[in-house]
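Here is a briefing on one protein chain and its ligands.

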Amino acid sequence: MKTSRRIQVVFVAVLATISVSLILVSPHSDAQSTQKQPQSSQQQSSYMSVNEEPFDVVRARDKANKAGVMAAHQRLLEERYNLSRRVDENVRMTRGKPIPVGPTARLKNGVTWEQLGRMSPDEIRDKGVFPYLPLPHVNHPVGGMVFPQTEIKALARLQRFDLDFDLPDQFLPEFPPAMFLTTRKDLGDVSKGQLITVNNYYELFNGILNPKQLEGLRLLLTQFPQQQFNATADRKTERADGMLGVACFDCHVNGHTSGAFHEVGDIRPQENRRRIETTSLRGVNIQRLFGSQRALKTVEDFTEFEQRAAYFDGDPVIATKKGVNILERGSQVHFMSEFEDILDFPPAPKLNIYGKLDRTKATESEARGEDLFFGKANCSSCHTPPFYTDNQMHDLEVERFFKPRMEGGMMMTAQGPIKTFPLRGIKESPPYLHDGRLLTLEDVVEFFNLVQQLNLSQQEKGDLVAFLRVL
Ligand code: HEC
Ligand code: HEC
């Protein structure tokens, strides 16, 4: 009797401890999406709720909240960046868009770039002056795919009713971008300046592609249901054509990128997820890892799992509900991948067959930039020619420079290893890093100057940018 009494007491004590700790780890309700994870006292779940409110109710609430959501995010952007238009009219992307010029990051407390370059990571963290914190989604607790306004002008079905794209157009790739094929380099830009869609691809590519590639391209241009664009009440489109879903090339426009972003599917809870900017598919043929952190091993795997997983935030339950499209591996995934694998980088007329500068064509600044890249700045230890990737992942340990905290509904904290993106054609795909937090190549150089503790001079920074522009 005595023993069972003691067991009872212990049991009650354990129960009490468990419930207290449950309360302690329960989510901050303000960071929760009202739609995806209804506020409750339950422990935060890896799964999304399948219960939905009526579409009209959600739409009305979202529309009423939109101005507030956008204003809060715009304040965060304005605090961090100078978003005014500065471009270099002499350096253009393939189809003529001038590239943006920075650095755009705003420095805090009157500190200068030179002073920052001389500070240790600890000092930068303690003074709270790191200019390149992770970039949150426009509405981080809700997330999902967001398309640039320029693109929505061409494809109205991509408009969401709850939010708009955030970055000004000068920091985005040209729209539509050019398309180059490894198999038909002789043709130059095969898009002929057009936005390739399911309505014109056949005309443009019949006779240039083989029938397998042609069918692969058709699938890459076909809409399939996705988290925000689907037919259920839990959607963010009010257009009938938006309810059909999105196409791969809505984000990877013409096989490149429009700069559309969403949130990575592989992390929980929601506030720890990353904003991810659409990567270009140019040059996937020479790469070995796919996804900034998922590191899937083949283009086929990534092609298959974009729709099954990323389209639905890595949640197969919700995917089933909203209409996942399972691709058949042999005749669909492979056809799509075979097409993706012939998407080439844009021409780089100043590079030789080793992917290095042809010094007879280079300016002095570009040549000095190359020497720095392979020498003092040591960029080449990760970005190895000819395509300027080592096909590895590296942990840049950016968290050395700031204290973990919530900002814009996102937990700013350690982000772990990320894949080394190739740098060929890099001037055509701003903004930079997995989340697009670096708006220009000048910001890239300032970022690595801190991350690698290089203490570069003003001229050295300019030379590195000059070299990046010719890759
Ligand atoms: C939001 C728009 C969006 C749509 C739609 C989309 N993608 Fe992506 N794609 C991305 C983003 C963002 C990444 C980077 C993912 C990451 O970093 O984890 C990516 C990465 C990839 C990669 C790996 C590239 C690399 O260099 O690591 C491939 C391959 C790819 N997508 C193919 C596809 C295919 C095939 C489809 C259609 C089934 C598709 N994508 C639809 C945004 C999109
Ligand atoms: C230790 C390895 C390493 C070194 C050294 C390094 N990088 Fe990187 N680089 C990376 C990784 C990893 C990423 C992706 C990081 C991310 O997205 O968070 C990256 C991203 C970039 C990007 C953006 C690519 C894109 O598509 O968004 C540019 C540009 C770049 N690096 C240039 C440089 C330059 C210039 C230097 C030298 C000053 C340099 N890197 C040094 C590993 C490295």
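Which element gives the largest share of the shell around ligand 2? That element is α13, with three residues. This is a predicted model: local features need pLDDT of at least 70, side-chain atom pairs count only at pLDDT 80 or more, and totals for chains, interfaces and linings use all residues. Residues are numbered from 1 along each chain as its sequence is written, and chains are lettered from A and ligands numbered from 1 in the order in which they are written.

**Ligand 2**
- The shell holds 24 residues; a residue is near a molecule if its C-beta atom, placed from the backbone, lies within 6 Å of it.
- The closest are Cys379, Cys382, Phe421, Tyr432 and His434.
- Two or more shell residues come from each of α13 (441–451) and α14 (458–470). Helices (H or I, at least four residues) and strands (E, at least two) are DSSP runs, numbered from the N terminus.
- By class, the shell has 15 nonpolar, nine polar and no charged residues. Ala, Val, Leu, Ile, Met, Phe, Trp, Tyr, Cys and Pro count as nonpolar, Asp, Glu, Lys and Arg as charged, and the others, Gly among them, as polar.

**Ligand 1**
- Around ligand 1 there are 29 residues, the closest being Cys248, Cys251, Gly291, Ser292 and Phe302.
- The elements giving two or more residues to this shell are α8 (248–251), β5 (275–277), α9 (299–308) and α11 (329–340).
- The largest share, five residues, comes from α9.
- This shell divides into 13 nonpolar, 11 polar and five charged residues.

**Helix α13**
- Eight of the 11 residues of α13 are buried, so the helix is largely enclosed by the rest of the structure. Buried means that 20 or more other C-beta atoms lie within 10 Å of the residue's own, with C-beta atoms placed from the backbone; exposed means 12 or fewer, and partly exposed is in between.
- The buried residues are Leu441, Glu442, Asp443, Val444, Val445, Glu446, Phe447 and Leu450.
- Their cover includes α3 (113–118) and α14.

**Nonpolar cores**
- The largest nonpolar core has 63 residues. Such a core is a set of buried Ala, Val, Leu, Ile, Met, Phe, Trp, Tyr and Cys residues joined through C-beta atoms within 7 Å.
- Val146, Leu220, Leu438, Leu464 and Leu468 touch the most other members.
- At least two residues each come from α7 (211–220), α8, α11, α12 (364–374), α13 and α14. The largest share, six residues, is from α14.
- Leucine 468 touches Leu423, Ile426, Lys427 and Leu441, not counting residues up to four places away in sequence. Contact means C-beta atoms, placed from the backbone, within 7 Å.
- A second, separate core of seven residues includes Met48, Ala309, Ala310 and Ile318.

**Fold and confidence**
- The protein chain has 14 helices and 10 strands.
- Of its 471 residues, 40% count as buried.
- Along its principal axes, the C-alpha trace spans about 95 × 55 × 45 Å.
- Among contacts with a separation of 6 or more, 67% join residues 24 or more positions apart.
- Mean pLDDT (the predictor's confidence in each residue, from 0 to 100) is 92, and 91% of residues reach 70 or more.
- Over residues 9–40 the pLDDT is below 50; this stretch has 29 contacts in the model beyond near neighbours in sequence.
- Where pLDDT is low, the predicted coordinates should not be read in detail.

Note on methods. Two residues are in contact if their C-beta atoms, placed from the backbone, lie within 7 Å.
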